Each structure stands twice: as C-alpha cells, then as structure tokens.
Amino acid sequence: MDQSHVVSTEEKIKIAAKSIFHKKGYAATRTRDIAEEAGINLALLNYYFRSKERLFVIVMIETLSEFFGSIMSLMNNPETSLEEKIESFSASYIDLIFREPDIPMFIMSEIRNDPEQLLQKIDLRNVVFNSVFFKQFNEAVQQGRIKNLNFIHFMMNLVGLIVFPFIGKPMLMAFSGMKEDQFNALIEEQKLMIPVWVKAMLN
C-alpha cells in the first residue's frame with residue numbers, strides 16, 4: 001500500500017476542524033461537529049487535541065500563515081515594481097479566495113473577536129511594515145510618483161475592492177439576478193479592473 005496517501009487521524013481532525021471552523025467560527029462550533037466531520041469518536045479527538053480552544057488556535061495559525069504567507073511572498077519579491085505587485089496581489093488574493101471561499105468571513109469574525117491573539121501568534125505588523133511592498137510604496141510617495149496617501153488608507157481600499165464582492169456575494173447575486181457562473185466571470189473581470197482603479201487613486 002502506498003503510505004504517501006494515508007492521512008493520519010491527527011491530520012483528519014485538523015482538516016475537519018478547518019472546514020467546520022471556517023464555516024461556523026469558533027463560538028458556534030462543537031467538538032462533536034468536528035469529530036463527526038472527521039469520522040471519529042469524540043474521545044479520540046480529545047486524546048489528540050484535549051480542547052476545542054487548542055485545536056482552534058492550531059487551525060487559525062495554520063490558516064492565517066498559509067493565507068498571509070502566500071500573499072507576502074509576492075509582496076517581498078525585489079524583482080517586481082510597486083505596480084506589478086498591485087496586479088499580482090489582486091489576482092492572487094482573488095484566486096486564493098476562490099479556492100478557500102470561507103476564509104474572508106473566518107478571518108473577519110475571529111480577528112474582530114480577538115485581534116490580540118492574532119497579533120501574538122503572527123507578527124503581522126512586522127511582516128507588513130518590513131515588506132518590500134511597503135518600502136516601494138514609501139519611495140514612490142517620497143519621489144512624487146504617487147499621491148502622499150496614508151498606507152493604511154491605501155491598503156483598506158485595495159483589500160476592500162478584493163474582499164467585499166466575496167463577503168457581499170449573496171446580496172450582490174440576489175440584487176442583480178446573477179447566476180454563479182456570471183458572478184465568477186465578474187470576479188475575473190475584477191482582476192483586471194482593480195489595478196486600474198487603484199493606480200487611478202494613486203495618481
């Protein structure tokens with residue numbers, strides 16, 4: 001038997017927990033829900049992880065590390081310009097949410113509930129403000145190539161343009177009468193339009 005395809009019980013629990021936590025959040029999730037999703041009994045889950053809180057912290061850190069890690073690798077590429085980073089950031093962020101559609105709501109709800117836990121586990125301030133992207137943004141402002149815009153304002157607008165359509169998807173689809181494939185096509189157009197809008201904001 002090919003052992004490379006065997007998933008350990010611990011990994012099954014983490015996969016199940018990730019799915020349930022992303023959909024329900026921490027407060028609404030029961031350990032029994034996770035055990036059922038993993039196809040194991042509750043005693044076995046408790047043996048591996050002891051508590052819902054411990055399992056949640058592990059899942060949250062892994063989720064956010066993967067999420068921000070893939071994005072920050074783009075933002076720290078010294079070979080690309082600020083403008084190219086905006087384009088790749090928008091496209092990659094959208095693709096990432098397509099693959100993990102529950103992540104935006106998960107991140108929003110859990111950061112709102114306990115932002116300090118996130119900042120303790122992942123040094124997000126240091127990651128962002130020491131990035132090549134941040135340095136290029138400041139250089140462009142100092143050189144007069146873009147407006148003297150607060151970096152936080154800039155990031156709120158950029159991330160908002162990317163994330164809001166996914167968070168507001170049910171409302172947008174109901175309001176417009178769009179089907180799933182039409183919504184997905186619209187999001188693909190966003191990949192092209194967001195850099196245009198952001199560059200217009202900066203000039």
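Okay, a definition to start: buried here means under 20% relative accessible area, exposed means over 50%, and partly exposed is in between, with a 1.4 Å probe and protein chains only. By that cut-off, buried residues make up 37% of the 203 residues in this protein.

Quick caveats. This is a predicted model, so local features need pLDDT of at least 70 and side-chain atom pairs count only at pLDDT 80 or more, while totals for chains, interfaces and linings use all residues. Residues are numbered from 1 along each chain as its sequence is written, and side-chain values use heavy atoms, leaving out hydrogens and water.

On to the fold. We've got 12 helices and zero strands, taken as DSSP runs numbered from the N terminus (helices are H or I, at least four residues; strands are E, at least two). The C-alpha atoms fill a box of roughly 60 × 45 × 40 Å along the principal axes. Contact means heavy atoms within 4.5 Å. Of the contacts with a separation of 6 or more, 66% come from residues 24 or more positions apart.

So what's inside? A nonpolar core is a set of buried Ala, Val, Leu, Ile, Met, Phe, Trp, Tyr and Cys residues joined through side-chain atoms within 4.5 Å. The largest one has 52 residues, and I34, F154, L158 and I162 have the most contacts inside it. Helix α4, residues 52-75, gives the most to this core, with 10 residues.

Let's zoom in on I34. Which residues does I34 contact, leaving aside neighbours within four places in sequence? Those are I13, A16, A17, I20, F21, T29, L45 and L55.
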